[in-house]
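Please walk me through this structure in the viewer. Tell me what to select at each stop, and what I will find there.

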Amino acid sequence: MPDRQRADARRNYTRILGVAEAEVAAHGAAASLEQIARTAGVGSATVRRHFPTRRALLEAVSHKRIEALSDRARQLAGQGGSRAALLEWLDEVVAYCVDARGLAAALAYDGAEPDPVHENSCSAALEEAAGPLLSRAVQDGAVAADVTVADLITLAVGVVLATEHHPEPGTRAHRLFRLAVSGLSPG
């Protein structure tokens, strides 16, 4: 939020974001924008002025978790085996997406933007932070050279979205992600 905005606009933004965090935690990416406005004590036009799209709201709600995942990728970049470090980070992405309802939707390309190359700030931040992790794994021959961070985020998001209504989404998401990573061949 720009510093040049009026004090009441900054207060509204902070209040809307706090309510949105609670609503997204309770109801996921489909949290009602109207309910967020009512609970925050503002009109829906005020919510839309601050967050013109649902994605903008989800990205703002997910900002702290994206920062934490980005920091974690940088920490792991020089630790241990390159494949193990990359998989540890991806496991954390899956776990965060399961725990933080709405985060997977913030990372997913939903096709709603008129321009298919619209930059998703959450995914862009993770791609930048995890680039060195993946590069090291590719350089070590632990990951195929044509794999991208965007591919890995899409895989993690797909698994989380596919399991979010499972009775035990974390367990199911972790199992399916591990299956995707290891393949179908017996170990």
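Predicted model: local features only at pLDDT ≥ 70, side-chain atom pairs only at ≥ 80, totals over all residues.

**Stop 1: two packed helices**

Select helix α5, residues 82–99, and helix α8, residues 149–163. Their axes are 9 Å apart and meet at an angle of about 40°. Angles under 35 degrees count as roughly parallel and those from 65 to 115 as roughly perpendicular, so α5 and α8 are oblique to each other. The crossing of α5 over α8 is right-handed.

Now show the side chains at the contact. On α5, pick Leu 86, Leu 90, Val 93, Val 94, Cys 97 and Val 98. On α8, pick Leu 152, Ala 156 and Val 160. What classes of residue make up the contact of α5 with α8? Nine are nonpolar, none is polar and none is charged.

**Stop 2**

Is Asp 91 buried or exposed? The cut-off for buried is under 20% relative accessible area. Asp 91 has 19%, so Asp 91 is buried. Show its contacts next: leaving aside residues up to four places away in sequence, Asp 91 touches His 174, Phe 177 and Arg 178.

**Stop 3: salt bridges**

How many salt bridges does a search of the whole structure find? The search finds six.

- Select Arg 6 and Asp 8. Their closest N and O atoms are 2.6 Å apart. Arg 6 is exposed, at 58% relative accessibility. Asp 8 is partly exposed, at 28%.
- Select Glu 34 and Arg 48. The closest N and O atoms of this salt bridge are 3.8 Å apart. The pair links distant parts of the chain, 14 residues apart: Glu 34 sits in helix α2, residues 33–40, and Arg 48 in helix α3, residues 44–50. Both are partly exposed, Glu 34 at 39% relative accessibility and Arg 48 at 38%.
- Select Asp 71 and Arg 74. Here the closest N and O atoms are 2.9 Å apart. Both residues lie in helix α4, residues 54–76, with three residues, about one turn of the helix, between their positions. Asp 71 is partly exposed at 40% relative accessibility, and Arg 74 is partly exposed at 49%.

Finish with Arg 72, Glu 88 and Glu 92. Salt bridges with shared partners join these residues into one network.

Conventions. Residues numbered from 1 in each chain as written. Heavy atoms only, no water. Axes fitted to C-alpha atoms, helices over the stretch in contact; angles between N-to-C directions. Helix = DSSP H or I, 4+ residues; strand = E, 2+ residues; numbered from the N terminus. Parallel < 35°, antiparallel > 145°, perpendicular 65-115°, else oblique. Left-handed = near helix turned anticlockwise from the far one by under 90°. Contact = heavy atoms within 4.5 Å. Nonpolar A, V, L, I, M, F, W, Y, C, P; charged D, E, K, R; others polar. Buried < 20%, exposed > 50% of the residue type's maximum accessible area, 1.4 Å probe, protein only. Salt bridge = Lys/Arg side-chain N within 4 Å of Asp/Glu carboxyl O.
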